[in-house]
Amino acid sequence: MADPYLPLAIVLSSALPGALIFFLDEEFHRLRTALNLFGAIFKLILVGWMIWGVFHGHVYLSHLELLPGLELILSADALSVLFVTLSTVLWLVTTIYAIGYLEHSPNRSRFFGFFSLCVSATVGIALSGNLLTFIVFYEILTLATYPLVAHRGTPEADRGARIYLAYTMTGGVVLLTGAVWLQTLIGPLNFTQGGLLSTAPESLHPQFIWIFFLLLAGLGVKAALVPLHGWLPQAMVAPAPVSALLHAVAVVKAGAFGIVRLVYDLYGVEFAYGLGLLDVLGAFAAATILYGSLKALSQDSLKKRLAYSTVSQVSYIALGASILGPIATIGGLVHLVHQGLMKITLFFCAGNYAETLGIHQVSEMNGVGRRLPWTTLALTVGALGMIGVPPVAGFVTKWYLGLGAADAGAYWAILLLIASSLLNAAYFLPILYRAWFRPPPPSWPEEHRFPTRLETDPALLWPPLITAVLSLGAGLFAAAPFSPLEWVRLIAAREYGP
Amino acid sequence: MLDPLALAVAWPLLGALSITLLPRWAAHLGILAAVGATLSALGVAFAVMDSGSLTSELGGWKIPLGIGLRADGLAAAFLAMVNLVALGVSIHASVYFADSKARHHFWPLWFLLWTALNALWLARDLFNLYVTLELMGLSAAALGALSGTRESISANLRYLLLGLAGSMTYLLGVALLYVAYGSLDLVQVARSLAPGPSSAAACALMIGGLSLKAALFPLHFWLPPAHASAPAPVSAALSALVVKAAIYLVLRLWLDLFAGIANASAAMLLGLLGGSAVLWGSWQALRAERLKLLAAYSTVAQIGYLAMFLPLIAAAADERGRASLLVAWVLLALTHGLAKASFFLATGLVQKTTGHDRIAELGGAAQSLPAATFALGLAGAALIGLPPSGTFFAKWILIQAAIASGQWWWVPVIMLGTLLALGYVFRLLARAFTREPTPPHFVTSARAELSALLLAVLAMLGVGLAARPIANLLGV
Amino acid sequence: MNLFLFCFDLLLSLTLLALAVAALSSRDPRRGVILFITFGLLLALVWARLRAPDLALTEAAIGAGLTGALMLGAARRAAPRFDSEDSR
Amino acid sequence: MRPPSLLCLLVPLLLLALGLSLGWALGDGLKGYSGERLAEVALELVPESGATHPVTSVLLNFRGYDTLLELAVLLTALLGIWSLGPAAPPYPPPGLVLASLVGWVVPLLIITGGYLLWVGAYAPGGAFQAGAMLGAAGVTLTLAGHPTGGLPAEPWQRLLAALGTLVFLLMGLGLMALGSGFLIYPKGIAKWLILIIEATATLSIGVTLIAAFLGGRPMSLRNRSR
Amino acid sequence: MNPEILITQMLYGCIGLALFLLGIGSFILHEGLWRRLIALNVVGSGVFHVLVAVAYRGLEQTPDPIPHALVLTGIVVAVSATALALAFGRHLEDQNDHA
């Protein structure tokens, strides 16, 4: 028996508080915080309930038929649970961080309202049961993140937000066209394990190829595939919690998640392989990985370096999807979670440096490890994970991707992984070296003292520590039940069948 | 025997008359009449949803002799939307005109317009339609000139004259139909309509006259100045409702009256005009320097989408495809009605606060009116066609029909139109995010701001997600 | 067939058309309006011949008379104001 | 500002083509004329309508709803004119001859109006013609220098202008409330109901036409709003 | 139907059409409120003329009352619109004067 309310409730648990927050007067600080935290924790509880249910084989399905063939579906399969859980956990953490970060800045009601809508949209994307629903939430996500990127109101923020909007909305329109075209050919596009297209008549195959490119272009914009990545470094003007959310959970990840859905649940990985589409995807992914890493090398701005790192890292997910075989699939999917945990840690840390010491550039980071040891420790965990040093979670990803590539005979991918890891090391290790081993300067650019014994505001300190511990844990206990890896194995097993 | 259809027309007319007699109590009587009219219209809509279409023969004479009123699903859907919008506009206007000299004149004219609108959706008599069109045209022009500026008077004078020319053309078509078929009842004439020179000429005259009133490209030139210069609540009604009425009649005549003779090439012509309107209107909106002009050009574009449906409806493979296109048409029109009304109301608030509506100088002003800006944003999103607005689903169906029927060239038009719309809406919204702090309260004038905001929320969340009940109402 | 009546009809119609053309092509507003009034009166006559006396009466009173008076009145009021404006 | 000459050439040609096709269409329609039925039905039912003159029965009974809305159009025009501004200054007082002529013409017009109204039930005439006569009387008075064309003060003008529509509408609603249906006149009293409607409509039409001729809102409202 | 009646209807109907087209042409080609208003009134007269023509059913027979009623309504509507348009025009002129 299907439970028709739980998926909807999960989406609404952040959307409704978000809508309420807009109406709050600016000085209702406590009420706003309470609403935020209530929404986040309530959502976490609901998601916990859903994990338990999905594990025990319950079916969750909210649906609303608008017109014949036009149906909104929210449902929970193993893949959506993975993404929902990631978003929900990281949202809670980021909310705490954002409350600390934006303590004294103006327009908080507006900020938190859109923040909540943004997460609702992400969760909606995760739970979408068909492409129509996916697009609905995908566009809402764009709409909700635009004000967050533009939040600071400076000319740069305005510019960054416009570029962001131009890219993502064009992508959205292309995606819409592709989706409608595909639906015209084969009817409603419900996400189905193993794909929908393999039974379609042969004569449609050329059209399928074109449609794949349209859909990939639409999704690739958000996933920042080269050459559609141009918005991402520009969007760095957003406040740190927004960047964290954008890179780890919401926008970029939504694009990557969409590619995963496209390959596995619409086309079907084997069908896509048969049409030669996986090679194209792989080529784009490979180009993106290398390009992102190379660009990251030359960035002095810490956030920009992290941004290009995101460009590169998110394409591991696409890379995993582009290699046929369950092991590579596991590598790609598990990176959805791992990259999120590690990257959000890094962005929290970057935010702490900026907020506590006024540090924005890598070159200013000499000796910050002594002033902010805990933050820097979290940064170290995240960076090492990105490079792929065991036992942090990133290692698990690279290990499975490499194994998968070897299994499928895609040796170029192994070379790519090695090259990419070296590049990762080349742009992360200098940061760590500076932070720990260089002497601190006599004074920091803009130091801000918080009334606490800790190194910085507790709301800023705890979130990176928590996510760093989670990244470690995901690597250390990868074999434990309910770990991301185990869950992804379940998904891969279902996709490829017994 | 209580006649809900006659009541829906009588309420606003009674409101207009009582305000004419007692101008001192205009605002109170106005709200009373607005609520009454809205309730009666919603009553009609619910009755239609319950029991299918309603017909009444006024004066108790059988239909070819007496005048018939008819509420089918299409009419009921529009009736409900229009009355909700009109209620919102009334509530807004009660604040907007509160201390203006125009208030004595606004209310009675506004209810006369409302009467015309309700009468128009319900009419099934071709000559009665002419009378409602004239009532609508005269009251709309008079309302549009209420701002009293030179531009508004000359723009609305032009609108009045062109509207007259349009309705006279329509009337000649009616005369030809009466000559050939000896009846004025839409349904009866449709039943006996046969292809031939007189029906073709009547079709061309009636559709042509209405296209002028509907501002279909290239007959749109009167619209932007007229709508941009009227007082904001009036602009809202003009752009959201009055133009909609004319394009609704185009569709109504096309599908109900001229179904027998409306051929694919004529439909294609209208579609091409629609496509040009989409591109031209959106482009002009993108270049507009004033907020209200932007909104007015956006209306030109939206009317274009509505005309674009005609060739696709003509080419629909089966009844199901036709029905879903019809639903999409209604979704688009209803969403645009709500969104455009909200957009104009919010624009009026901005204009009142800043004293102007030049887009380039808006910065900060938008910031100081969070609720109005929010309404602008939501309404703008609905105009672009972002989900889950009705426009989004309508475009989905439109693209699907274009691909399915092989008329793929509409797809780039729709894509481009959407992107241009995105451009003009966000050109505006980008100015809302300045560094100035927001005022401490989200809402400053509840009646004025919430009416705009609620309409925008309805446009964004109401129409699209209610596609199922709307489809049921349309009986498909 | 009544040839006499037909010739009468034809004559009436042509006069009507000629008056319309004259009214439409006149450049002087007042002259145009007066021609238009004449046109309306003739139209009323034609309608009387077509067995529509109600309409003839209405057209003569409203279509020609009042419309003409409105136009003439507006023309007449506009003119002196221009004069006084100039002399001030 | 003359329109370009190309337009001057193109428009007549287009219109000529349009005219030919319209003429063809009209001829086609007339030859295939199947519309006798409605005229026959209408003429047949005239005795039941409460008026013996066919046009009056159509206007006020068969298609009374059109006439109701038409009165609303008239009211709209007047309200629109009032919304634009105050009335123009009055005409200068006339010479003696004209004044005495006016003294004859105005009562004559009013009496003619009354006659037309009464006769409309069974012969050509009716509310519109009668109203036009009232209007003509008012216009004559205005031209003779009367500042308000014989109209009363503003509240009364409002009442008179709205009266026709109001009575018509209230009668329709009242009949509906009494169980008869909107604008369905009971057979026995139809004649009297039509006469009441016509009488009030005549007043409204006349007053509206005069007020429209004055071209702006009456003085009293102007004073109040200033 | 009696051919004589048909010819009369056709003759006057065509005159009505001609009036309509003349009016439209003048409306398109000529600027200025006066000329446009006269043009519109001629357009209206043309349409009414068509209606009166088709209502005609011979000298002996009562004509069709329906088109007659329509024309009556139409005339009143036309005069209302003309009056309103003239008021618009007068107001524009006033504004010119004050400017």
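In the predicted model, helix 3 (residues 73–96) of chain B packs against helix 18 (residues 467–474) of chain B, with the two axes 7 Å apart and at an angle of about 135 degrees. Helix 3 of chain B is therefore oblique to helix 18 of chain B, because angles over 145 degrees count as roughly antiparallel, 65 to 115 as roughly perpendicular and under 35 as roughly parallel. On the side of helix 3 of chain B, the contact is made by B:Gly73, B:Leu74, B:Ala76 and B:Ala77. Helix 18 of chain B contributes B:Ile470, B:Leu473 and B:Leu474. The residues of this contact comprise 6 nonpolar and 1 polar, with no charged.

Chain B also touches chain D, in a contact that takes 47 residues from chain B and 49 residues from chain D. On the chain B side, at least two residues each are supplied by helix 1 (4–21), helix 4 (103–122), helix 5 (126–144), helix 6 (150–181) and helix 8 (197–214). Helix 5 of chain B gives the most to this side, with 9 residues. The residues of chain B that touch chain D divide into 31 nonpolar, 13 polar and 3 charged.

Between chain A and chain B, 35 residues of chain A are in contact with 32 residues of chain B. Helix 1 (6–23), strand 2 (59–67), helix 5 (131–149) and helix 6 (155–186) of chain A each supply at least two residues of the side that touches chain B. The largest share of this side, 11 residues, comes from helix 6 of chain A. By residue class, the side of chain A that touches chain B has 19 nonpolar, 8 polar and 8 charged residues.

Definitions and conventions: Residues are numbered from 1 along each chain as its sequence is written. Chains are lettered from A and ligands numbered from 1 in the order in which they are written. This is a predicted model: local features need pLDDT of at least 70, side-chain atom pairs count only at pLDDT 80 or more; totals for chains, interfaces and linings use all residues. Two residues are in contact if their C-beta atoms, placed from the backbone, lie within 7 Å. Helices (H or I, at least four residues) and strands (E, at least two) are DSSP runs, numbered from the N terminus. Ala, Val, Leu, Ile, Met, Phe, Trp, Tyr, Cys and Pro count as nonpolar, Asp, Glu, Lys and Arg as charged, and the others, Gly among them, as polar. Axes are lines fitted to C-alpha atoms, for helices over the stretch in contact, and angles run from 0 to 180 degrees between N-to-C directions.
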